[in-house]
Structure formats: C-alpha cells, structure tokens
Amino acid sequence: MHIECDDNCRGGAGCSNKRIQRCKVKKVKKKRVEKGFGLFADEDIQKGEYVIEYIGKIVNKDPENEYGMKYKDFHLWVDGSKKNALAKRINHSCDPNCANHMWAVKGMPRLCFFANRNIVKGEELTFSYGWTLPKKDLKRKGTVCLCGAKSCSGTIEKVEIS
Ligand SMILES: [Zn+2]
Ligand SMILES: [Zn+2]
C-alpha cells in the first residue's frame, strides 16, 4: 500500500506526497458513450499523476453490483452505486490509460486512479476492471468488451488460471 504523508511530515506545505488529502484532482467530464456513460480528461494529464478518487459507501461485503470496488488485501469494498460520483463512470479497457491504487491517507485507505501514461484532453479515461470468470464457469459467457483496444480480449472478465 502507498502511504501519503501526514501533518508531521518535514516537507510541510511544499510536500508533494499529499495529493489525495489536498484533493489535487484532474479536470474531467462525464459524457454519453455507446455503453452508457464514460469519463473523459478535460485537460492534459501526465503519466503518474493523480486523477480522481473512487468514492462511495464503504461496506464489509461484496455489493455484487458493477460499482463495487474492493480494497486489495482487506475485506472491504467501496460501493459506488448510490453516489452520483464521477469516477464510477470510468469504463473498462483491456489497454487502460489509468490504474487504481490503494493509498493510506491519514490512516484511512482510499482507492484512487492514476495515469498509466500521458493522456491528452478529450481522451476517455479507462482502467482494467480486473473481473475474473472462474474456469468452472467457462460456459457462462463474459460481458462483451467494447474497449476497441488492439489487445482487446473480447470480454471484460478474464478467465481464472488453474
Ligand atoms: Zn511529506
Ligand atoms: Zn477490451
């Protein structure tokens, strides 16, 4: 887990490791796309920069809807289904330009998106949902992926190995 500095850090006001607590988010826009809504960059974003936080209700069981996001290594999820937050509009891609990382901010875990590569204004933001299809369920078809990437695997769910 990544950890942001707290108030005791020597960097003080100039510390660059307080992006999340300072809400240094990027300008983004929600737009209609083929599959519902998507989230788009409304300014250029550099590789590695903090983009936006995934916000919702913190729950201790899998909400089993498409807006549940798990805190890695914890039995906790953020359920984004009830809140009208922008980050839940980020669609899946098999070749995503963002990744979600868990950060500890003043002792609380937060799920935040960061740019995988440079992103230009107007580009759709994407990340890999990381959904899996257990091998025993192979007969069940996965959700068709519309990401359009050259490396698209055809479905959002990857088949579980072993
Ligand atoms: Zn610091
Ligand atoms: Zn795809």
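Two residues are in contact when heavy atoms of theirs lie within 4.5 Å. Keep that in mind as you look through these views of a predicted model.

Figure 1. Strand β4 covers residues 50-53, and glutamate 53 belongs to it. With a relative accessible area of 16%, glutamate 53 counts as buried, because buried means under 20%. Setting aside neighbours within four places in sequence, glutamate 53 is in contact with Ile20, Ala87, Arg110, Leu111 and Cys112. Which of these makes a polar contact with the side chain of glutamate 53? It is arginine 110, whose side chain takes part in that contact at 2.8 Å. Lysine 27 can also be found from here: lysine 27 and glutamate 53 are 26 residues apart in sequence, and their C-alpha atoms are 12 Å apart in space.

Figure 2. You will find asparagine 91 in strand β8, which spans residues 91-92. Is asparagine 91 buried or exposed? Its relative accessibility is 10%, so asparagine 91 counts as buried. A polar atom of the asparagine 91 side chain lies 2.9 Å from the backbone oxygen of phenylalanine 37. Not counting residues up to four places away in sequence, asparagine 91 touches several others, including Val33, Lys35, Phe37 and Gly38. Glu124, Leu125, Thr126, Phe127 and Tyr129 are also among the residues that asparagine 91 touches.

**Figure 3. Asparagine 97 is a buried residue in a loop.** The loop in this view runs between β8 and β9 (98-105), and asparagine 97 is found there. Asparagine 97 has a relative accessible area of 2% and is buried.

**Figure 4. Cysteine 23 and aspartate 73 both have a positive phi.** Most residues other than glycine have a negative phi. Here, phi of cysteine 23 is near 55°, and phi of aspartate 73 is near 70°. Cysteine 23 is found in the loop between β1 (2-3) and β2 (28-33), while aspartate 73 lies in the loop between β6 (68-70) and β7 (77-79). Are these residues buried or exposed? Cysteine 23 is exposed, with a relative accessible area of 54%. Aspartate 73 is exposed too, at 68%.

Figure 5. How many of the 162 residues count as buried? The share is 37%. Among contacts between residues at least 6 apart in sequence, 59% join residues at least 24 apart. The accessible surface comes to about 10,100 Å², and carbon and sulfur atoms account for 51% of it. Finally, look at the charges: the mean positions of the 32 positive and 20 negative ones are 1 Å apart.

Terms used:
Residues numbered from 1 in each chain as written. Chains lettered and ligands numbered in written order. Predicted model: local features only at pLDDT ≥ 70, side-chain atom pairs only at ≥ 80, totals over all residues. Heavy atoms only, no water. Helix = DSSP H or I, 4+ residues; strand = E, 2+ residues; numbered from the N terminus. Buried < 20%, exposed > 50% of the residue type's maximum accessible area, 1.4 Å probe, protein only. Areas by Shrake-Rupley, 256 points an atom, 1.4 Å probe, with all protein chains shown as cover. Lys, Arg positive; Asp, Glu negative; His and termini not counted. Charge placed at Lys NZ, Arg CZ, Asp CG, Glu CD. Polar contact = N/O pair within 3.5 Å; in protein donor to acceptor, adjacent residues only side chain to side chain.
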